Amino acid sequence: MHSMYMNALEEEDVKSFSFPTLRYCIGGGEPINKQVLFKWKEETGMQLFNYYGQTEIADLSPGDDEGRASCGKAFPGVDMLIVDDNDQEVPPGTLGRVAVRVKPYRPVGMFTRYVDDPEKTAACFSGDLYFTGDVGRMDAEGYFWIIGRADELVNCYSHLVNPYDVENCLKEHPAVLDCAVVSSPNLMGETTKAFVVLSGGFKSRNQDEMIKELQDHVTCNTGKWMSPKKVVVEFIKDLPKTVVGKVNRQELKNREWSSSTQ
């Protein structure tokens with residue numbers, strides 16, 4: 001959905017879009033960054049909310065309209081929390097694993113198991129908690145920010161890099177219509193690589209200069225260890241998508257790692 005909203009914002013006549021019966025818009029599948037949320041409201045007059053949920057359980061109500069890019073608060077009856085690697089709840093604002101308390105009461109509508117896959121079922125439960133597999137944080141008011149999948153973090157030069165942080169930084173650059181950042185092999189083990197879809201006005205620019213400009217943008221706004229450094233920004237026409245419309249980062253990652261073994 002992130003790509004859908006970004007593509008819509010590329011339309012010159014987006015301000016002419018009419019929503020006579022629509023009350024608000026929702027993005028799901030992956031976080032929509034703050035710039036897109038605010039620009040959608042500015043261009044269309046419609047509030048765009050982040051939403052977080054899983055097939056296994058509906059976790060959060062849509063976000064808020066107070067200028068935050070959060071995914072909102074947990075639904076009533078869902079005790080959602082952020083914990084560390086020892087399953088202990090962390091203070092507000094601290095990044096950790098997203099979990100849902102399932103004992104003594106399991107939330108209404110939550111799944112009970114993965115059919116014919118007891119190992120997968122056991123892997124996502126520990127003690128009183130169910131783990132969504134995502135990383136996020138919660139503020140002091142109970143609003144959640146879902147950052148990304150725990151298994152997509154990249155160990156880059158001894159720093160754990162969240163690909164979503166790099167993506168959000170790249171998307172702040174006017175040349176970037178959409179992008180996906182994945183793990184890529186290098187001599188030190190792995191690094192980040194960005195697949196970038198360019199905005200219309202930048203497609204004719206010199207690619208080497210454009211790569212350098214985007215790398216410098218990430219380095220300046222985050223940190224040197226986060227800057228994509230393999231070949232290393234690769235420009236592509238479209239990002240691969242899953243059947244539900246999410247960016248298929250696994251396909252891009254598999255492409256990177258399989259090519260290194262050939």
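Predicted model: local features only at pLDDT ≥ 70, side-chain atom pairs only at ≥ 80, totals over all residues.
Colleague: What makes the set of 25 residues a nonpolar core?

Modeller: A nonpolar core requires buried residues of the nonpolar kinds joined through side-chain atoms within 4.5 Å. The largest such set in this chain has 25 residues, and those with the most contacts inside it are Y5, V36, W40, L48 and L239. Two or more residues come from each of α1 (2-9), α2 (34-44), β7 (144-149), β10 (176-186) and β11 (189-198), and α1 gives the most, with four.

Colleague: Which residues is Y5 in contact with, leaving aside its neighbours within four places in sequence?

Modeller: Contact means heavy atoms within 4.5 Å. On that basis Y5 is in contact with C25, I26, G27, I32, V36, W40 and L48. Another core, of 20 residues, lies apart from the largest one and includes C169, L170, C179 and A194.

Colleague: How do you know that α4 and α5 pack against each other, and which residues make the contact?

Modeller: The axes of α4 (residues 163-171) and α5 (residues 207-221) are 9 Å apart, at an angle of about 115 degrees. V166, C169 and L170 of α4 meet L214, H217, V218 and N221 of α5. The crossing of these two helices is right-handed.

Colleague: What share of the chain is called buried?

Modeller: Buried means under 20% relative accessible area, and such residues make up 47% of the 262 in the chain.

Terms used: Residues numbered from 1 in each chain as written. Heavy atoms only, no water. Buried < 20%, exposed > 50% of the residue type's maximum accessible area, 1.4 Å probe, protein only. Axes fitted to C-alpha atoms, helices over the stretch in contact; angles between N-to-C directions. Left-handed = near helix turned anticlockwise from the far one by under 90°.
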